[in-house]
Each structure stands twice: as structure tokens, then as C-alpha cells.
Amino acid sequence: MVTTTENTTKHFDNIIVRINEAGRLLNLPDWKVEILSDFKLEWGGGILLYKDDGSKKTYKACRVWHRSPHTDKPHKGGDRYHPLVSVDMMRAHAIEMSIKLWLVGIQMGGSKGGIAVDPSTLSRPELKRLTEAYVDERIARNIIGPLLDVPAPDVGTNAQIMHWVRQRYAQRKRERGFEPFAGVVTGKPVGYGFDGIEGRTEATGYGVIAVLEHALKRFCGKVGKPRIAVMGYGNVGYYTVERAHARHFPVVAVSDVRGGVYNANGLDVAELNKCFREAKTVFGFPGGEAITSEELLTLEDVDVLIPAALEHVFTAKNAPNVHAKFVIEGANSPTTPEADRIFEDRGIIVVPDVCANAGGVTVSFFEWARNLNTGDPRVPMGDKKDVLAGMTRMLLASTDEMCANAEKYKTTLRNAAFVTAIDRFAPLFTAKHTA
Ligand code: NAD
């Protein structure tokens, strides 16, 4: 399940296979398929950190923009802080971001980037300075801005880091005599002067459960009481479990990087979260038996598996041993193409990442649109409840379209997601985009 260079290449190849397949199903001309596999920007370079002890260290940073037909709209995608971040890794992620945005009907191009660093090895002031160096580098290259490219949190980054991005951008732009915009970044903290949006933190996890309920209704005729296991207990995993619990679904197993816990009768989520807040891990929670993440994925009495950690969790090795009937991809790219084929043969329904975890980017879009006062009628202007209801509406409308296309084209939900997204915006590509 580790992200390696080999996995990165496989991930990219797999995305290109999906685009080719969508092109074939939609009868697109070759040049459109080629442009959909292309990039507008691939930047990678070193940024300098002045460490607390006075020494200096260079870190590799990058940002990639997928080719988008929306030339007058910005790009949008997460900033990841993780040791394996590279331009190669971010290419596939940037295309997936476009597919996710287009699937929910947002007219922006996908982007993704980050810094090859383990943030836990830095002090807080070092993390702030490194973030500022990353923003400076992007300002110098004119590749960040509310109408250019709008980052958001991803693995290893959070609302605090987004706030530093916004502060630095504002400070630098003011120095150059421009008005700073809050909309330069999303996933900011909420509250006066911070300009974040209520509901962003919960959005991805709550969206995962909304999509799950919709899929259960569609494929089983009713929601029932699905037994759920969640791998990963960060932003996505935590709120997925919170929402599942609120809907009275038994959460029988959870895990994080240290290990997991299983209880056949359903975990006591309130107690689990109490322990998690203190220990910062679900491993060792006394309300169940200890299991590994690998064991969680192959539990026998589970209806729904929700991977919410890193990529390539399901492989040819463990996919034959999965007992769940549904996989709802909270994480990005948790299923390898080999595992996908095995799931398809075994009749296991996989709701793909570009649909299942699109709640986060949808609310990020609301935040950006509110910051810029765009007047888009889809953007809820009320409180958290209103925001999450607006997100759910957009997410479920695209889930319906994806399912309808899966039936129409007799294909998997993953292929159908690409078809739905590309069909919506590929007509906007004209010959001028090839210039
Ligand atoms: P996070 O950093 O907050 O949490 C990651 C979690 O995964 C942590 O609990 C960590 O302990 C766990 N983990 C890491 N390695 C593991 C392993 N080997 N086994 C089990 N658990 C492991 O990240 P996040 O924001 O929750 O994102 C998780 C995934 O969801 C990523 O793929 C991310 O790209 C994707 N995603 C996130 C959002 C969002 O809004 N945060 C939106 C869409 C997609």
C-alpha cells in the first residue's frame, strides 16, 4: 500500500487508460483524447528552508495543472506535504481533480502539488517558513492566485497551513500594490478574518456517507444498516465515522497508520473518539480487539469498506479476499487497476474516488465562490447545515448521472465517472486549446 515510483507510474497509466476508454465510449476525436491527457503546467524545483538551528535545507516542491477547456477559470487542487511528492505523482492527481470538478459541475481545471517533506519532522515555525517559501516561489512564477490556481488541504496539510498560504499571499501582493483576495486558497479556518467556510472540515467524510446511502438505495433497493469498516482516521476517516454513527450504521472496525480495532457488535464511537483525542491514534482503543489495517480490509462480517488513507491499498493480492459488497473510495486512488478487475469479476461495487470524496472540493468551491462573491446560484450562503445540504445536492446529482451512464454504456462506475465528467466539458475544447 506504499506509494512507490512504480505505483506512481501505474497510477498515471491507469488514468490515461480511463481517459482513452471514455474517449472511445463518447466517440471523441483523437486530438480531444490527447489534450485531455496533457498538462498546462508542470513545475518542480527546490525551495529553501532556514531551520531553527540556523542551518539551511532544500526541499523539492512542485505544482501541476491539467489542461482545461476553462481558460478564463482558475485551477483547483490540494497541496500535499509528504516525502514522496513529485511532479510524476501529481500528474495523475491533477487529471483526477479535473474529473472530480467536472463530475460535480464545477468549471475549473484540476491541479495538484506539494512539498516532498514529512511535516512531523519540522517545528511549527519551520513548517510556516517552508510554506511561505513555497508560496513565494509560486508568486514569482505567477502560478498562484484566486483567478489562477487555488490550493486546498491534502495529506499532511491543514487549515492552519492554508491560513499561512493566504497570509503570505496577501502580504506579498500588498507589497506589489495589488489587492489581496481571501479566495487564493480554500480550506481556511472559520471565523472572523479567516474567511473559511463552515462545513469544509466535515464535507468529504459526510459526502462519503451520503454517496454510500445513495448507492445502497440504488443497488439494494434500501439503505438498511450496513456494517462499515474505515481504514484511515484523519480528516476523511474521522468524519466518515462520525456521520456513519449519526446515521446509526454499525462501524465495526477502524484503523490508522499505527493499527486498528475491531468489534463485531459495532464500536462505541463516542468512547473511541474520546480515546483518539487523547492518544492521537485509534490503535490501542480498549473497546475492541486489535487488528492490522490489512486485516481490516479482509474482515468477513463487513458490508462496506471505506479506504480513507493513502493510495494503492487494494491490490491483486488482497482483492480476492475482500468480503464486503461495496467499496466506497474516501481516499484518492486506493484501488489498483488489478484489484479493480478482480472486484468487477466478483461483483463488488466500487464507487470511485472522483465521486465518493468530491464533497470536499465541492465545499471548497463554495468557499472560493463566497470569497470572490461570484453570485453562483448553486452556492449556499447560510450556515453549516445549509452548506452541507448544498454539497449533498450537487454530489448526489452527479452520482445519479454517473450511475445512469454506467447503465447506458454498460461499464463500471469508475469509467462512467470519467464519461460523465468528460462529456460535460470536453465539448468546450476547441482547436485553439491545441495551440
Ligand atoms: P490525513 O492526513 O488527515 O489522514 C490520513 C490518515 O491515514 C491518518 O489517520 C493516517 O494515520 C492514516 N494512514 C496513513 N497510512 C496508513 C496505513 N498504512 N494504514 C492505515 N492508515 C494509514 O489525510 P486526509 O485528508 O484524511 O486524506 C486521506 C485521503 O483522502 C487521501 O488520499 C486524500 O488525498 C484523500 N482526500 C482527502 C480530502 C480532504 O478533504 N481531506 C478530499 C478528497 C480526498
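Before the points, a word on burial: a residue is called buried under 20% relative accessible area, exposed over 50%, and partly exposed in between, with a 1.4 Å probe and protein chains only. This is a predicted model, in which local features need pLDDT of at least 70 and side-chain atom pairs count only at pLDDT 80 or more, while totals for chains, interfaces and linings use all residues. Residues are numbered from 1 along each chain as its sequence is written, and side-chain values use heavy atoms, with hydrogens and water left out.

1. Let me begin with Glu198. Its relative accessible area is 37%, so Glu198 is partly exposed. Glu198 sits in the loop between helix 5 (159-175) and helix 6; helices (H or I, at least four residues) and strands (E, at least two) are DSSP runs, numbered from the N terminus. Beyond its neighbours within four places in sequence, Glu198 is in contact (heavy atoms within 4.5 Å) with Val190, Asp383, Lys384 and Val387. Gly78 is 120 residues from Glu198 along the chain, and their C-alpha atoms are separated by 18 Å.

2. Next, the domains. The assignment for the protein chain gives domain 1 (41-196) and domain 2 (202-356), and such bounds come from an automatic or database domain assignment. The C-alpha centres of domain 1 and domain 2 lie 29 Å apart. To the contact between them, domain 1 gives 10 residues and domain 2 gives 7 residues.

3. The shell holds 23 residues, and the closest are Thr204, Tyr233, Val236, Ala309 and Asn332; a residue is near the ligand if one of its heavy atoms lies within 4 Å of it. By class, the shell has 9 nonpolar, 9 polar and 5 charged residues. Here Ala, Val, Leu, Ile, Met, Phe, Trp, Tyr, Cys and Pro count as nonpolar, Asp, Glu, Lys and Arg as charged, and the others, Gly among them, as polar.

4. Please look at the atoms facing the ligand's oxygens. Arg80 places a polar side-chain atom 3.2 Å from an oxygen atom of the ligand. For Asn332, a polar side-chain atom is 2.9 Å from a ligand oxygen atom, while Tyr233 has a backbone N or O atom 2.9 Å from an oxygen atom of the ligand. The ligand exposes 820 Å² when taken alone, and the protein buries 83% of that. Helix 6 (200-220) and helix 7 (235-246) are the elements that give two or more residues to the shell.

5. Two helix residues are worth a look. Thr131, in helix 4 (residues 124-140), is buried, with a relative accessible area of 0%. Apart from neighbours within four places in sequence, Thr131 is in contact with Tyr81, Ile161, Trp164 and Val165. Ser293, in helix 9 (residues 293-297), has 13% relative accessibility and so counts as buried.

6. Finally, two backbone angles to check. Asn142 is not a glycine, yet its phi is positive, near 55°. Asn142 lies in the loop between helix 4 and strand 5 (149-153) and is partly exposed, at 46% relative accessible area. Lys410, also a residue other than glycine, has a positive phi near 50°. Lys410 is in the loop between helix 13 (384-408) and helix 14 (413-425), and counts as exposed at 75% relative accessibility.

Note on methods. A polar contact is a pair of N or O atoms within 3.5 Å; within protein, one must be able to donate a hydrogen and the other to accept it, and residues adjacent in sequence count only if both atoms are side-chain atoms. Accessible areas come from the Shrake-Rupley method with a 1.4 Å probe; for residues, only the protein chains shown count as cover.
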